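Here is a short briefing on one protein chain. Take a look at the model, then work through the points below.

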Amino acid sequence: MSSSAEEPFEAAQEADTSMSKVTFKVTLTSDPKLPYRVFSVPEQAPFTAVMKYAAEEFKVPAQTSAILTNDGVGINPSQTAGNVFLKHGSELRLIPRDRVGGRNYQSQANDRLMFRIRHVLVQPWCLVQCIIAAFMCCLF
């Protein structure tokens, strides 16, 4: 009876030792010194866990980070590490999203306000609309 209880345990140990790993070199591109970390993970590990681990290694927020290839292609994190390795290779880049192209709401509101001010200079009858827009931007 004890041998049957040990068999699944031995099978699990054999599966752990036969599990292959993939190695990634992740570079933090937001730092001018371009630091990198090399780490190995199991092929079947979810890539979201790999992203979270890489972000923690560089002390950047994982929720607002993205991983790209050296060619600039974004990687969908809802796949295994083995799939990412096969599709994109081992060299990846970690980019905090607050550093990537996104503009916040306030800068967009300022752009709209500047457009309206330029519009008033050309068409003075829009002065009232411009004053209202400036007041609304100050509220937010």
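Helix H2 (47-58) and strand S3 each supply at least two residues of the lining of the largest pocket. Helices (H or I, at least four residues) and strands (E, at least two) are DSSP runs, numbered from the N terminus. This is a predicted model: local features need pLDDT of at least 70, side-chain atom pairs count only at pLDDT 80 or more, and totals for chains, interfaces and linings use all residues. Residues are numbered from 1 along each chain as its sequence is written, and side-chain values use heavy atoms, with hydrogens and water left out.

**The largest pocket**

- S3 gives the largest share of the lining of the largest pocket, 4 residues.
- The lining of the largest pocket has 13 residues, and Met51, Ser65, Ala66, Pro77 and Arg97 lie nearest the pocket's centre.
- On a 1 Å grid over the protein atoms alone, a pocket is an open set of points where a 1.4 Å probe fits, with protein on both sides within 12 Å along at least five of seven lines; lining residues have an atom within 4 Å of a point.
- The volume of the largest pocket is about 160 Å³. A volume is the space filled by probe spheres set on the points, which are joined across faces, edges and corners.
- Sorted by class, the lining of the largest pocket has 7 nonpolar, 4 polar and 2 charged residues. Ala, Val, Leu, Ile, Met, Phe, Trp, Tyr, Cys and Pro count as nonpolar, Asp, Glu, Lys and Arg as charged, and the others, Gly among them, as polar.

**Serine 65, beside the pocket's centre**

- Serine 65 is in strand S3 and is among the lining residues that lie nearest the centre of the largest pocket.
- Is serine 65 buried or exposed? Serine 65 is buried, with a relative accessible area of 2%. Buried means under 20% relative accessible area, exposed over 50%, partly exposed in between (1.4 Å probe, protein chains only).
- A polar atom of the serine 65 side chain lies 2.5 Å from the backbone oxygen of proline 61.
- Leaving aside neighbours within four places in sequence, serine 65 is in contact (heavy atoms within 4.5 Å) with Met51, Val60, Leu94, Ile95, Pro96 and Arg97.

**The chain as a whole**

- The chain has 5 helices and 4 strands.
- From the N terminus on, their order is α-β-β-α-β-α-β-α-α.
- Of the 140 residues of the chain, 24% count as buried.
- Take the contacts between residues at least 6 apart in sequence: 51% join residues at least 24 apart.

**Glutamine 79**

- Glutamine 79 sits in the loop between strand S3 (65-69) and helix H3 (81-88).
- Glutamine 79 is buried, at a relative accessible area of 15%.
- The glutamine 79 side chain reaches the backbone oxygen of asparagine 76 at 2.9 Å.
- Leaving aside neighbours within four places in sequence, glutamine 79 is in contact with Ala45, Pro46, Phe47, Val84 and Lys87.

**Glycine 89 and glutamate 91**

- Glycine 89 is found in the loop between H3 and S4.
- Glycine 89 is partly exposed, with a relative accessible area of 23%.
- Leaving aside neighbours within four places in sequence, glycine 89 is in contact with Phe24 and Val84.
- Glutamate 91 belongs to strand S4 (residues 91-96).
- Glutamate 91 counts as partly exposed, at 41% relative accessibility.
- Which side chain does glutamate 91 join by a polar contact of 3.1 Å? The partner is the side chain of asparagine 70. A polar contact is a pair of N or O atoms within 3.5 Å; within protein, one must be able to donate a hydrogen and the other to accept it, and residues adjacent in sequence count only if both atoms are side-chain atoms.

- Most residues other than glycine have a negative phi.
- Leucine 34 has a positive phi of about 50° although it is not a glycine.
- Leucine 34 is in the loop between strand S1 (21-28) and strand S2 (36-42), and counts as partly exposed at 47% relative accessibility.
- Lysine 59 has a positive phi of about 60° and is not a glycine either.
- Lysine 59 lies in the loop between H2 and S3, and is exposed, with a relative accessible area of 74%.
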